[in-house]
Amino acid sequence: MSTPHIAAERGDFAPDVLLPGDPLRARWIAETFLEQAHEVTAVRNMLGYTGWYGGRAVSVMGTGMGMASMALYATELITEFGCRRLIRVGSCGALQAEVELRSVVLAVGACTDSNINRQRFAGFDFAATAHASLLAAGLAAAAAAATTVHAGNVFSTDLFYPPVLGQKPSELYGPAIEMGVLAVEMEAAALYAVAAQHRAEALALCVVSDHLVRGGHLSAEERQEGFGDMVVLALDVLQRAGER
Ligand code: HPA
């Protein structure tokens with residue numbers, strides 16, 4: 001049974017799935033952290049794998065960048081392949097001075113400049129939030145981890161590059177900075193709304209790869225290390241959530 005974007009059978013995916021944006025990161029996660037991982041889909045090179053972690057089946061699949069791409073993969077994974085717990089493992093740009101490079105932002109809620117959740121919610125403003133049980137597991141895992149975790153709002157943007165010529169990111173994100181939003185990324189709001197509509201559980205974790213207020217960014221090596229630490233955290237969240 002295939003969907004337009006995933007060529008797999010229903011039992012090929014585990015109920016628990018990690019969602020990096022980059023399909024090559026999906027492969028790296030499968031090869032580095034999962035046991036007996038095997039590829040389950042590769043349509044458009046959007047790679048998906050299923051393996052084992054701590055005695056539980058776990059899948060990992062790329063989502064591409066942006067909310068349109070996230071929404072279609074999350075919808076198909078939930079409605080056609082039985083995925084129930086979805087954790088985005090991505091990167092973000094920090095909007096608050098105290099949110100350091102390489103720390104992890106746990107998205108309690110996701111604001112957005114996108115119209116896609118209004119389309120889903122008849123023109124009203126949907127409060128896109130992490131699922132309570134994954135959030136509780138996330139906070140518990142964060143307390144036990146060495147990684148610094150900041151929990152709060154993120155801003156899911158449609159456009160990586162500011163649309164107004166000459167506009168600095170700190171100007172563009174001024175209202176978000178003012179409202180205490182921790183970081184900007186590009187997928188969480190869509191993931192949360194799709195999961196809510198289909199009664200699945202979702203959480204977004206993002207390693208801070210660049211700082212839009214203080215300036216600076218991680219080197220490729222630091223990025224990979226920080227990402228790996230966050231993946232271990234996300235796998236711990238799934239373990240804890242599964243034990244509840
Ligand atoms: N903007 C949007 N998404 C991001 C950024 C950013 O600056 N950094 C990492 N993901």
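**Gly138**

I looked up Gly138 to begin with and found it buried, with a relative accessible area of 2%. Buried means under 20% relative accessible area, exposed means over 50%, and partly exposed lies in between (1.4 Å probe, protein chains only). Gly138 belongs to helix 4 (residues 132-144). Helices (H or I, at least four residues) and strands (E, at least two) are DSSP runs, numbered from the N terminus.

**A note on the model**

This is a predicted model, where local features need pLDDT of at least 70 and side-chain atom pairs count only at pLDDT 80 or more, while totals for chains, interfaces and linings use all residues. I count residues from 1 along each chain as its sequence is written, and side-chain values use heavy atoms, with hydrogens and water left out.

**Helix 7**

Next I went to helix 7 (residues 188-197), where 8 of the 10 residues are buried, so the rest of the structure largely encloses this helix. I listed the buried ones: Ala188, Ala189, Ala190, Leu191, Tyr192, Ala193, Val194 and Ala195. Just after helix 7 I came to Arg199, which takes a positive phi of about 60°.

**Positive phi elsewhere**

I stopped at Gln36, a residue other than glycine whose phi is positive, near 50°. Gln36 sits in strand 2 (residues 35-41). Is Gln36 buried or exposed? Gln36 counts as exposed, because its relative accessibility is 65%.

I placed Asn45 in the loop between strand 2 and strand 3 (48-53). Its relative accessible area is 58%, so Asn45 is exposed.

**Glu98**

I found Glu98 in the loop between strand 5 and strand 6 (104-112). Glu98 is partly exposed, at a relative accessible area of 48%. Between the C-alpha atoms of Glu98 and Arg214 I read 9.5 Å, although the two residues are 116 apart along the chain.

**The ligand**

Where does the ligand sit? I found the ligand in the largest pocket. Here a pocket is an open set of points on a 1 Å grid over the protein atoms alone, where a 1.4 Å probe fits, with protein on both sides within 12 Å along at least five of seven lines. A molecule sits in a pocket if more than half of its atoms lie within 2 Å of its grid points.

I wrote down the residues around the ligand: Ser91, Cys92, Gly93, Phe160, Val184, Glu185, Met186, Ser209, Asp210 and Leu212. The shell divides into 5 nonpolar, 3 polar and 2 charged residues. Ala, Val, Leu, Ile, Met, Phe, Trp, Tyr, Cys and Pro count as nonpolar, Asp, Glu, Lys and Arg as charged, and the others, Gly among them, as polar.

Which strand gives the largest share of the shell? Strand 5 does, with 3 residues. Strand 5 (85-94), strand 8 (183-185) and strand 9 (201-211) each supply at least two.

Last, I checked polar contacts (pairs of N or O atoms within 3.5 Å). A nitrogen atom of the ligand is 3.0 Å from a side-chain N or O atom of Asp210. I also noted 3.4 Å from a ligand nitrogen atom to a polar backbone atom of Gly93, and 3.5 Å to a backbone N or O atom of Ser91. Taken alone the ligand exposes 260 Å², and the protein buries 91% of that. Those areas come from the Shrake-Rupley method with a 1.4 Å probe.

Note on methods
A residue is near a molecule or strand if one of its heavy atoms lies within 4 Å of it. A polar contact is a pair of N or O atoms within 3.5 Å; within protein, one must be able to donate a hydrogen and the other to accept it, and residues adjacent in sequence count only if both atoms are side-chain atoms. On a 1 Å grid over the protein atoms alone, a cavity is a set of points where a 1.4 Å probe fits but cannot get out, and a pocket is an open set with protein on both sides within 12 Å along at least five of seven lines; lining residues have an atom within 4 Å of a point.
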